[in-house]
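Here is a friendly walk through one protein chain and a few of its packing details. Please have the sequence and the model open as you read.

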Amino acid sequence: MQIASMHFKARAHANLNDEQLQTNLKKFQGKFVPARRNALVELDDVEATREAARQIRQRALDELDTWLELFEENATASGATVLWAETPGDINRLVLEIAARHRVKKIIKSKSMVSEESALDHAIEAAGLTVVETDLGEYILQINNYEPPSHIIGPALHKSKEEVATLFSNTHKTPWKDEIQALCLEARSVLRQHYLSADMGITGGNFFVAETGSVVVVTNEGNATLTTTLPKVHVAISGIEKIVPTLEDVATLMRLLPRSATGQSISNYVDVLTGPKGAGEFHGAEHMYFILVDAGRTAVLGSEVREALRCIRCGACMNHCPVYQNVGGHSYGWVYPGPIGSILTPMYVGLENALDLPQASTFCNQCGVVCPVKIPLPDLQRKLREEEFARHLRPWHERAALRVWAWFALRPRLYGLASKISVRLLRLLARPNGMISRLPFAAGWTDERDMPAPAGRTFRELYRERASVRQS
Amino acid sequence: MSADGLADNRAARDRTLARVRSALGKKLPDAQAKANAEANVTIHRHGPRPRMPANLRERFIERARDMSSTVESIAAISDVPRAIAHYLDTLAPEIGGQPRAGVCWPEFATLDWSAAGLSIVSRPTLGNDRLGITGCFCAIAETGTIVITSGAATPTATAILPDTHVAIVRAERIVSGMEEAFALIRAEQGATPRALNLISGPSRTGDIEQTIVLGAHGPFRVHLLVVG
């Protein structure tokens, strides 16, 4: 996928002024958050479950080479072929080679975010083959000239039903209708024909299970179930970090994944797929391939933000993020939006190509609080900010301001004096209602809102006073 | 392996594993870690579990309904044809006369379908059958889920291609959670089957404006007959 993450500020600005998008974003704001909260209370001990999930994912990463080898052994023993993609380009090359080997003409795909990293659909079409996305959201984006997804579990949630209606009417040459049920039915009948005529099915992988050499694929639509049941070839593509040791670990993680994502107790279809079909079996793939993708993951594993690899892609961080909720997923400019995207995108495409993403946060830590595998997202964003500073990637005025601040911060007495003076100066700027409506050098902040003037003395003054009271 | 590029993938594998090890501060494959991992997976340790009521049957039915399955209890397998005929009658107004024909798994081939006025054949579906009748390997009380394991006698598509899926659930096969289902598969089938499909209600989507619509790709409706 093309990287547009360096344009975060411009895109966020445009999206904030896009009335249609803002209306659509407002529509889905109220739903995910309470649904998650209500579903989690069904677990008797949410925190213990989160801690167990964190440990499962961390244990897998701490011995990742061992689990990958065990996975490969067991998958191979079940008759599957395990392939390794070092780069996004390798994913596309391997898929096309598999397709050529089995004389594949039509490919159906259930959702795979990893394949968005390599723009797999474009590569398939460039090779003269047909590819059809089957997740309804992904299908909507595909027929809209491959519009990028804006959310990892609801890729087309930024679109209104009227926009979908126009898209369907133009693409399927059918009468315009904006009733959601009728739109879904129309997509169903179009996609059904593709399911029945495809030679290859591509899925992502929510988990790779080392114990059994299986891939676990989770959907509500059942599109992955059909994709892995009907065509003669199944290719499962996912990152090397998606390994978990056992099926019991999947059971624990599945208590959190759908609850954190959509607020469901369980997803409608959880498919555990292991090897090609057996003797006498009518349905199922005759040939099964795994593509285990690095494409930057080993670099993350060796970095300070390695905890981001625990991610199970539920989307809770973006559903709870005040920045994401206002600027929308497209502002982030690559595959993964929201707080997790603000870590992964700079790591996968280069920090210099995504400078604003670690800054796209208020550090409110809503994301960290809701993350089912306890990724400390604001801490990781801060580490990337530090790296930007250390690599001289921040603008000169920001660096200069930080230098000035650091100079004072290292001189406590001077710092105390300076803050005392600024507090008093700020009070002079205040209007009678105690609000400051224009602040020099910070117009970006005060153009849109007033800032309350400091009410009394500085923190240090108050602290000193209390400490002396306690001592006396 | 044939002479295409797939045969050359070994080097990519070795380089990837080397990068993983270097990121973890290891130099070589760690035989001890491997032995530990292999021993570890055989323990099948459970994570924290939500408390389940003693009556798993009731819990299963309640949760299956929460997931938009419809559920009916019957006394014996021989009651299945009559129960399905009755179910189709109740559907008739909704779907404009559901044809009283469909496909079933071989284990139900000998039921007296014609006496109930149904025309059911035992064969895998090719995609144009409107009714699919299956059993299930077991069912999960915690989430109202049925577990289908692939095999020669249990063609998967019967559960996911037809508009209407009827599944027969034997009450004694209702287990507490996913963990018990996995243990039962290990105990009774040994190797993991090609596909374990854990199905909880009809296919659905919320991809347009988060409005839930049933029947996205698979069945519009799932009807469970709990036997015994």
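Where in chain A is the place of A:Pro372? A:Pro372 sits in the loop between helix 17 (366-370) and helix 18 of chain A. Helices here are DSSP runs of H or I with at least four residues, and strands are runs of E with at least two, numbered from the N terminus.

A word on the basis of these values: this is a predicted model, in which local features need pLDDT of at least 70 and side-chain atom pairs count only at pLDDT 80 or more, while totals for chains, interfaces and linings use all residues. Residues are numbered from 1 along each chain as its sequence is written, chains are lettered from A and ligands numbered from 1 in the order in which they are written, and side-chain values use heavy atoms, leaving out hydrogens and water.

**Two buried residues**

A:Pro372 is buried, at 3% relative accessibility (buried is under 20% relative accessible area, exposed over 50%, partly exposed in between, with a 1.4 Å probe and protein chains only). Beyond its neighbours within four places in sequence, A:Pro372 is in contact (heavy atoms within 4.5 Å) with residues including A:Arg50, A:Leu256 and A:Cys314.

**Two helix pairs**

Two packed helices are described by the angle between their axes and the distance between the axes. Axes are lines fitted to C-alpha atoms over the stretch in contact, and angles run from 0 to 180 degrees between N-to-C directions.

| Helix pair, chain A | Angle | Axis distance |
|---|---|---|
| Helix 16 (residues 338-349) and helix 18 (residues 377-390) | about 35° | 9 Å |
| Helix 9 (residues 161-172) and helix 10 (residues 180-197) | roughly 35° | within 11 Å |

Helix 16 of chain A and helix 18 of chain A pack at an angle of about 35°. Their contact involves, among others, A:Ile340 and A:Ile343 of helix 16 and A:Leu380 and A:Leu384 of helix 18. In the other pair, residues including A:Val164 and A:Phe168 in helix 9 of chain A meet residues including A:Leu183 and A:Val190 in helix 10 of chain A.
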